[in-house]
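Here are my notes on the model you sent. Please read them with the structure open.

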Amino acid sequence: MTMKNGSGWLLPSLAGAMMIGALYLVFLWVPTERSMGIVQRIFYFHMPPFLVAVVAILVGMGAAIRYLMTKDLRFDEVAVACIEVGLVFDTMNLLTGPFWARPVWGIWWTWDARLTSAFVLWLMFVGYLILRQAIDEPHMRAAASAVVTVFQAVGAVIVYMANRLWRTQHPQPVIAGGEGSGLASPMWVALLGSLAAMLVVFACLVQVRRRLERLRRETEGLRREVHAL
Amino acid sequence: MEENLKWLWWAFSVAWVIHLAYVASLGRRQKRLREELEALKAMLEEKRGK
């Protein structure tokens, strides 16, 4: 991968430094949770990726709506970059969960409302990318995939609300979950440190993926030109 | 404690592998597109030259 110029390294350097800081907070600084023990530390790189995936959907949907308003394909570049990188974080969320569930619940997975809706949201991310592969015309592709981002936003709300609305095997919400929910202060610091580092990594990957999309579009245009001659 | 350390290690490894695999795929795609772009430019030059 190439960076555009010297300043292009600023964001990756910041991401690296913040990730090292987050690892320090998660593995060395935050105290071990009393009832679950060391395995609870998975929480710090299980929950933040979901929040990053939600940010990806929201930014992607915003860019897609801007595309629909302006027909400017640069917004579609932002949308596809956000959704593809969002898929990486959503996959991280889905795959780290079972490594916590196995020692704590005794099972890897259960089809409760939270886990099922999270899996459906992951399928929506994949569906978005498959849909883009299936449509050749750039504007039709951008418009069709814009619609999917709206469904993804609805999906993200359902995942967020699932353990608030229904009884689930998944733990009850620790953030804004009402009476009895919440985290001890050091846990908040580790969680927010991890989230901040992942958001910078997300921004970094989106930047690279967006440049890749521009390159792809350029190649596509040139290919058409060659075929037309 | 040591038994649970195994799960923490696996979860952490999976998280990194996903990211590294994605970064590698971005690099691979970028290289392929640059090569294709160069080839198309050369082809276009050739066709226009004829």
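What share of the 50 residues of chain B count as buried? The points below start there; bear in mind throughout that this is a predicted model.

1. **Burial in chain B.** The answer is 8% of its 50 residues. A residue needs 20 or more other C-beta atoms within 10 Å of its own to be counted as buried.

2. **Form of chain B.** Chain B has one helix and zero strands. Its C-alpha trace spans about 75 × 5 × 5 Å along the principal axes. The radius of gyration is 22 Å, whereas a compact globule of 50 residues would have a value near 10 Å.

3. **Contact between the chains.** On the chain B side, 25 residues are in contact with chain A; on the chain A side, 28 residues take part. The chain B side is made up of 17 nonpolar, four polar and four charged residues.

4. **The core.** The largest nonpolar core holds 60 residues. Ala56(A), Ala79(A), Cys82(A), Val85(A), Phe89(A) and Phe202(A) have the most contacts inside it. Two or more residues come from each of α1 (10–29), α2 (47–70), α3 (73–105), α4 (113–134), α5 (138–165) and α6 (185–228) of chain A, and also from α1 (2–49) of chain B. α3(A) supplies the largest share, 14 residues.

5. **Cys82(A).** This residue is among those with the most contacts inside the core. Leaving out residues up to four places away in sequence, Cys82(A) touches Ala56(A), Val59(A), Gly60(A), Ala63(A) and Val206(A).

6. **α4(A) against α5(A).** How do these two helices pack, and at what angle? The angle is about 170°, and the axes lie 9 Å apart. Angles over 145 degrees count as roughly antiparallel, so α4(A) and α5(A) are roughly antiparallel to each other. On α4(A), the contact includes Ala113(A), Leu121(A), Met124(A), Tyr128(A) and Leu131(A). On α5(A), the contact residues include Ala144(A), Val148(A), Phe151(A), Ile158(A) and Val159(A). By class, this contact has 14 nonpolar, six polar and three charged residues. Among its members are Arg114(A) and Arg132(A) of α4(A), and Arg141(A) of α5(A).

7. **Lys71(A).** Please look at the backbone here. Lys71(A) is not a glycine, yet it has a positive phi of about 60°. The residue sits in the loop between α2 and α3 of chain A. Is Lys71(A) buried or exposed? Lys71(A) has 12 C-beta neighbours inside 10 Å, so it counts as exposed; the cut-off for that class is 12 or fewer.

How values were computed
Residues are numbered from 1 along each chain as its sequence is written. Chains are lettered from A and ligands numbered from 1 in the order in which they are written. This is a predicted model: local features need pLDDT of at least 70, side-chain atom pairs count only at pLDDT 80 or more; totals for chains, interfaces and linings use all residues. A nonpolar core is a set of buried Ala, Val, Leu, Ile, Met, Phe, Trp, Tyr and Cys residues joined through C-beta atoms within 7 Å. Helices (H or I, at least four residues) and strands (E, at least two) are DSSP runs, numbered from the N terminus. Two residues are in contact if their C-beta atoms, placed from the backbone, lie within 7 Å. Ala, Val, Leu, Ile, Met, Phe, Trp, Tyr, Cys and Pro count as nonpolar, Asp, Glu, Lys and Arg as charged, and the others, Gly among them, as polar. Axes are lines fitted to C-alpha atoms, for helices over the stretch in contact, and angles run from 0 to 180 degrees between N-to-C directions. Angles under 35 degrees count as roughly parallel, over 145 as roughly antiparallel, 65 to 115 as roughly perpendicular and the rest as oblique. The radius of gyration is taken over C-alpha atoms; the globule rule is 2.2 Å times the number of residues to the power 0.38.
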